[in-house]
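Please read the following points with the structure open beside them.

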Amino acid sequence: SSLVATALTIDSSYNGTISVGTKKLKATADFGLAAAGKKIAFVLESANGSVKTFYRKANGSGVATYTLRMSGTWEAYATYGDNITDTVTMSR
């Protein structure tokens with residue numbers, strides 16, 4: 001007889017991605033299944049150095065969205081755990 005062993009490794013680390021809509025009002029961050037149902041932080045910084053952080057709950061796929069309500073131009077990125085996305089520009 002022979003014994004067969006199978007190992008399954010799941011990589012829970014995921015480099016998140018962020019995208020912004022065509023009107024530059026809505027940012028969507030995707031951190032994968034590891035972030036499903038967890039809080040995602042959207043960090044916005046204005047040209048004058050003002051920084052604001054907003055939290056949104058990710059859906060079952062690990063995707064969260066933030067819609068800009070403030071006027072002006074903002075640099076935005078999203079974080080989940082140790083993962084940080086690239087920066088995008090949002091404006092109203």
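1. The model is predicted. In it, Thr17 stands opposite Asp30 in S2. This pair belongs to the antiparallel pairing of S1 with strand S2 (residues 26-30), which extends over four bridges.

2. S1 and S2 are part of an open sheet of three strands, with the order S1-S2-S5 and antiparallel pairing. Strand S1 (17-20) and strand S5 (63-67) each have a single partner strand and stand at the edges, so one side of each has no neighbour in the sheet. On average, neighbouring strands of this sheet are turned by 20° against each other, direction ignored.

3. Val43 lies in strand S3 (residues 39-46). Is Val43 buried or exposed? Its relative accessibility is 11%, which is under the 20% limit, and therefore Val43 counts as buried.

4. Beyond its neighbours within four places in sequence, Val43 is in contact with Val51, Lys52, Thr53, Glu75, Ala76 and Tyr77. Of these, Thr53 is ten residues from Val43 in sequence, with 4.5 Å between their C-alpha atoms. Tyr77, in S6, is the residue that Val43 stands opposite; S3 and strand S6 (residues 73-80) pair in the antiparallel sense over six bridges.

5. S6 also runs antiparallel to strand S8 (residues 88-91), joined by four bridges, and Glu75 stands opposite Thr89 there. Two bridges join S6 to the antiparallel strand S7 (residues 83-84), where Ile84 stands opposite Thr79. S6 and S7 form a hairpin with two residues between them, and Gly81 in the turn has a positive phi of about 60°.

Methods. Residues are numbered from 1 along each chain as its sequence is written. This is a predicted model: local features need pLDDT of at least 70, side-chain atom pairs count only at pLDDT 80 or more; totals for chains, interfaces and linings use all residues. Side-chain values use heavy atoms; hydrogens and water are left out. Two strands pair if DSSP finds at least two bridges between them. Axes are lines fitted to C-alpha atoms, for helices over the stretch in contact, and angles run from 0 to 180 degrees between N-to-C directions. Buried means under 20% relative accessible area, exposed over 50%, partly exposed in between (1.4 Å probe, protein chains only). Contact means heavy atoms within 4.5 Å.
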